[in-house]
Amino acid sequence: MHEMSLAESVREIVEETARAHGARLVGVVRLEIGRLAMVEIDAMRFAFDVVKSGSLADAALLEIVETEGSAWCMQCAKPVPIAQRGDACPLCDSHQLQVTSGEQFRVLDIEIE
(Lines give C-alpha, C1' and ligand atoms only; values in the text may rest on other atoms or scores of the structure.)
Protein backbone atom coordinates (compact mmCIF):
# COMPACT_ATOMS: atom_id res chain seq x y z
CA MET A 1 0.00 0.00 0.00
CA HIS A 2 1.91 3.05 -1.25
CA GLU A 3 -0.66 5.34 0.36
CA MET A 4 1.18 4.88 3.68
CA SER A 5 4.41 6.36 2.28
CA LEU A 6 2.40 9.14 0.62
CA ALA A 7 0.69 9.89 3.94
CA GLU A 8 4.06 10.01 5.72
CA SER A 9 5.33 12.49 3.14
CA VAL A 10 2.20 14.63 3.58
CA ARG A 11 2.66 14.59 7.36
CA GLU A 12 6.28 15.72 6.97
CA ILE A 13 5.28 18.57 4.64
CA VAL A 14 2.50 19.63 6.99
CA GLU A 15 4.71 19.53 10.09
CA GLU A 16 7.55 21.46 8.43
CA THR A 17 5.13 24.12 7.20
CA ALA A 18 3.33 24.38 10.54
CA ARG A 19 6.58 24.70 12.50
CA ALA A 20 7.91 27.31 10.06
CA HIS A 21 4.82 29.41 10.83
CA GLY A 22 4.96 28.89 14.61
CA ALA A 23 1.84 26.75 14.75
CA ARG A 24 0.84 24.79 17.83
CA LEU A 25 -1.45 22.46 15.94
CA VAL A 26 -2.92 21.75 12.53
CA GLY A 27 -6.71 21.84 12.15
CA VAL A 28 -7.26 20.86 8.52
CA VAL A 29 -5.13 19.38 5.76
CA ARG A 30 -6.46 19.68 2.19
CA LEU A 31 -5.09 17.42 -0.52
CA GLU A 32 -5.71 17.50 -4.24
CA ILE A 33 -5.71 14.01 -5.71
CA GLY A 34 -6.36 13.39 -9.38
CA ARG A 35 -8.46 10.42 -10.41
CA LEU A 36 -5.54 9.16 -12.51
CA ALA A 37 -2.99 9.48 -9.67
CA MET A 38 -3.31 5.79 -8.75
CA VAL A 39 -4.19 6.65 -5.15
CA GLU A 40 -6.99 4.85 -3.34
CA ILE A 41 -8.84 7.60 -1.45
CA ASP A 42 -10.08 5.40 1.43
CA ALA A 43 -6.60 3.92 1.89
CA MET A 44 -5.14 7.44 1.92
CA ARG A 45 -7.59 8.52 4.64
CA PHE A 46 -6.72 5.46 6.72
CA ALA A 47 -2.98 5.93 6.25
CA PHE A 48 -3.12 9.62 7.17
CA ASP A 49 -5.06 8.78 10.34
CA VAL A 50 -2.28 6.35 11.29
CA VAL A 51 0.73 8.55 10.54
CA LYS A 52 -0.60 11.80 12.02
CA SER A 53 -0.69 10.33 15.54
CA GLY A 54 1.67 12.19 17.86
CA SER A 55 2.37 14.96 15.34
CA LEU A 56 1.18 18.57 15.10
CA ALA A 57 -1.53 17.18 12.81
CA ASP A 58 -2.76 14.69 15.41
CA ALA A 59 -6.26 16.25 15.55
CA ALA A 60 -6.34 17.44 11.92
CA LEU A 61 -9.19 16.71 9.59
CA LEU A 62 -8.23 15.48 6.15
CA GLU A 63 -10.13 16.99 3.23
CA ILE A 64 -9.58 15.57 -0.23
CA VAL A 65 -10.42 17.37 -3.45
CA GLU A 66 -10.63 14.88 -6.32
CA THR A 67 -9.92 16.20 -9.78
CA GLU A 68 -11.18 14.63 -12.98
CA GLY A 69 -8.92 13.09 -15.58
CA SER A 70 -8.59 14.54 -19.04
CA ALA A 71 -6.52 13.86 -22.12
CA TRP A 72 -5.72 15.23 -25.55
CA CYS A 73 -7.02 12.98 -28.32
CA MET A 74 -4.54 12.87 -31.16
CA GLN A 75 -7.19 11.66 -33.61
CA CYS A 76 -9.84 14.28 -32.76
CA ALA A 77 -7.33 16.98 -31.83
CA LYS A 78 -9.58 17.84 -28.87
CA PRO A 79 -9.43 17.62 -25.09
CA VAL A 80 -11.59 14.80 -23.71
CA PRO A 81 -12.54 13.55 -20.25
CA ILE A 82 -11.28 10.13 -19.16
CA ALA A 83 -12.10 8.14 -16.04
CA GLN A 84 -9.01 5.93 -16.03
CA ARG A 85 -5.84 5.19 -17.94
CA GLY A 86 -6.48 3.02 -20.96
CA ASP A 87 -9.89 4.53 -21.67
CA ALA A 88 -10.73 5.22 -25.29
CA CYS A 89 -11.65 8.65 -26.57
CA PRO A 90 -15.37 9.17 -25.90
CA LEU A 91 -15.68 10.98 -29.26
CA CYS A 92 -13.85 8.73 -31.73
CA ASP A 93 -12.94 5.58 -29.75
CA SER A 94 -9.21 6.11 -30.39
CA HIS A 95 -6.65 5.04 -27.78
CA GLN A 96 -4.13 7.66 -28.90
CA LEU A 97 -4.58 9.86 -25.84
CA GLN A 98 -2.09 12.05 -24.01
CA VAL A 99 -3.09 12.60 -20.37
CA THR A 100 -3.28 16.33 -19.59
CA SER A 101 -4.73 16.36 -16.07
CA GLY A 102 -5.85 14.12 -13.26
CA GLU A 103 -2.43 12.81 -12.19
CA GLN A 104 -1.75 15.41 -9.50
CA PHE A 105 -1.20 14.67 -5.84
CA ARG A 106 -0.41 17.68 -3.71
CA VAL A 107 -1.07 19.49 -0.46
CA LEU A 108 -3.39 22.36 -1.37
CA ASP A 109 -3.29 24.06 2.01
CA ILE A 110 -3.39 23.58 5.75
CA GLU A 111 -5.18 25.41 8.54
CA ILE A 112 -3.02 26.04 11.59
CA GLU A 113 -3.40 27.53 15.07
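Two strands pair if DSSP finds at least two bridges between them. Helices (H or I, at least four residues) and strands (E, at least two) are DSSP runs, numbered from the N terminus.

This is a predicted model, in which local features need pLDDT of at least 70 and side-chain atom pairs count only at pLDDT 80 or more, while totals for chains, interfaces and linings use all residues. Residues are numbered from 1 along each chain as its sequence is written, and side-chain values use heavy atoms, with hydrogens and water left out.

**The sheet**

Strand 3 (residues 69–73) and strand 4 run antiparallel, joined by five bridges. C73 faces K78 of strand 4 across this pairing. The open sheet has three strands in the order 4-3-5, with antiparallel pairing. Strand 4 and strand 5 are its edges, each pairing on one side only. From one strand to the next, the twist averages 40°. Axes here are lines fitted to C-alpha atoms, for helices over the stretch in contact, and angles run from 0 to 180 degrees between N-to-C directions.

**V80**

V80 belongs to strand 4 (residues 78–82). Contact means heavy atoms within 4.5 Å. Leaving out residues up to four places away in sequence, V80 touches G69, S70, A71, C73, C89, P90, L91 and L97. L91 lies eleven residues from V80 along the chain, and their C-alpha atoms are 7.9 Å apart.

The accessibility classes are buried (under 20% relative accessible area), exposed (over 50%) and partly exposed in between, using a 1.4 Å probe and protein chains only.

| Residue | Relative accessibility | Class |
|---|---|---|
| V80 | 2% | buried |
| C89 | 2% | buried |
| C92 | 33% | partly exposed |
| M38 | 59% | exposed |
| D93 | 56% | exposed |

**Cysteines**

A disulfide is a pair of cysteine sulfur atoms within 2.5 Å. By this rule the count is zero. C89 is in no disulfide; its nearest cysteine sulfur belongs to C73, 3.7 Å away. C92 is in no disulfide either, and the sulfur of C76 is the nearest, at 3.4 Å. C89 is buried because its relative accessibility is 2%.

**Positive phi**

Most residues other than glycine have a negative phi. M38 is not a glycine, yet its phi is positive, about 60°. M38 sits in the loop between strand 1 (26–34) and helix 2 (41–51). D93, also a residue other than glycine, has a positive phi near 70°. The loop between strand 4 and strand 5 (97–101) holds D93. D93 counts as exposed because its relative accessibility is 56%.
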